Amino acid sequence: MRENLVDLYRKHLELQKSRYSPRTVENYCSVAKHIEDAVAKEHGVFFDTERINDLKGWMLEPWIKHIQELKPSTREQYSVCSKVFLKFIFQNGYSQVDLSEVIPRVGKTEKKYGASVDEEAEEEGDIDDVVFTDEEIDHLLTCMPESRNDLRDRAIILLLKGCGLRASEVASLTVKPFVVAYKGFVRCLGKGGKIDTIPIPQGAYEAVMTYLRKRFKGNIPTDNDVPLFVSMQGNPMNRFTIYQMLAERQKKCGLHTGVHRMRHTFTTNVEKKYGAAAARDMARHRSLKVTNRYVHTTIQEKIQMVEEMNDIKI
């Protein structure tokens, strides 16, 4: 079914009520609508799920020129909002090309306007809102209410928790790498269209295979383009639907919501056990500066540290 991408973008922002006020959502979507109208008027290309791949980078040049003619503060806001919208389209699998790279980068205000939507941005809030404890992850896996998607959701959670995958990367996975010549890792479409090699823990792999055996009744296909995770209607899952699924599960278990918190948790655990360099490599970051935004100390660990440092006998 053909769907308008600005409408899907609005739903994505509205799901994150704790981060976005109605006014902020309107501002983001207003810029997205301006882009859609400008491209449709100039080139006849529409922003919907079926025709978005007709959009080429050069078609955005008039829009970029318009942005550059705005006053500095407005220019920076429009530039960031444009990048975030186009990144949303790419990371959810609607477009095969990341056209956000066409929009010129801006300075410090990029984090102010774009942090909450960009998967690589540091999440706001207290430390314990960013990472999950082992007990919380176990609770999420054991308290999941029964549904027809139990096996699928469990496999997704174990991949997010065990590999540090982004939601868009989970959505890009196909069946074939898990069933043909599997050797402990798979390749996925990573950030910026790069093909990354991802080691898969045995528990996550077994969860995926259990889900596939039930889904295909034992006759698992090996075609290249069969998506690994699909909805009840058989449609490929995307970043938006993965976020929605996980948020519903987390709320029912009394946990904070967010897909990217799983990646923060994974990176923090790697750093504490194997060091910063290993965390950088496992998270596939370019620098330790980025990794440091993902590494956190929980309040329980802080309490333990001050107790050990102040072990005074009375």
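# Briefing: side-chain contacts in a predicted model

The side chain of Q250 comes to 2.9 Å from the backbone nitrogen of G258. This distance, like every other value below, was computed from a predicted model. Over the whole structure the count comes to 14 salt bridges, and a search for aromatic pairs finds eight.

**Q250 and its surroundings**

- Q250 belongs to helix α11, which spans residues 239-252, and with a relative accessible area of 0% Q250 is buried, since the cut-off for that class is under 20%.
- When neighbours within four places in sequence are left aside, the contacts of Q250 are F132, L140, L255, H256, T257 and G258, and G258 is also the residue whose backbone nitrogen the Q250 side chain reaches.

**The two sides of helix α3**

- In helix α3 (residues 61-68), the buried residues are W63, I64 and I67; because they cover an arc of only 100° around the axis, they lie on the same side of α3.
- The other side of α3 carries E61 and K65, which are exposed.
- The cover over the buried residues of α3 includes helices α2 (22-43) and α4 (72-91).

**Salt bridges around K87**

- Side chains of opposite charge can pair when their charged atoms come close.
- D98 and K87 form a salt bridge in which the closest N and O atoms are 2.7 Å apart; since D98 lies in the loop between α4 and α5 (109-114) and K87 in helix α4, the pair ties together parts that are 11 residues apart in sequence.
- K87 also meets E101 in a salt bridge, with an N to O distance of 3.7 Å, and this pair links helix α4, where K87 lies, to the loop between α4 and α5, where E101 lies, 14 residues apart.

- A network made of salt bridges that share partners joins D150, R152, D153 and R249.

**Aromatic pairs**

- A pair of aromatic rings is described by the distance of the centres and the angle of the planes.
- The ring centres of Y9 and F85 are 4.9 Å apart and the planes stand at 55°, so this pair is tilted; the pair links helix α1 (residues 5-14), which holds Y9, with helix α4, which holds F85, across 76 residues.
- Y9 and F85 are both buried.
- For Y182 and Y205 the ring centres are 4.0 Å apart and the planes are at 5°, so that pair is stacked; Y182 sits in the loop between α9 (176-179) and β1 (185-189) and Y205 in helix α10 (residues 202-215), so that the pair links distant parts of the chain, 23 residues apart.
- Y205 counts as buried because its relative accessibility is 17%, and the class takes in values under 20%.
- Ring pairs also gather Y9, F47, F85, F88 and Y94 into a cluster, and F85 of this cluster lies in helix α4, the helix that also holds K87.

Note on methods. Residues numbered from 1 in each chain as written. Predicted model: local features only at pLDDT ≥ 70, side-chain atom pairs only at ≥ 80, totals over all residues. Heavy atoms only, no water. Buried < 20%, exposed > 50% of the residue type's maximum accessible area, 1.4 Å probe, protein only. Helix = DSSP H or I, 4+ residues; strand = E, 2+ residues; numbered from the N terminus. Arc of directions from axis to C-beta. Contact = heavy atoms within 4.5 Å. Salt bridge = Lys/Arg side-chain N within 4 Å of Asp/Glu carboxyl O. Phe/Tyr/Trp six-rings, centres within 6.5 Å; stacked < 30°, edge-to-face > 60°. Polar contact = N/O pair within 3.5 Å; in protein donor to acceptor, adjacent residues only side chain to side chain.
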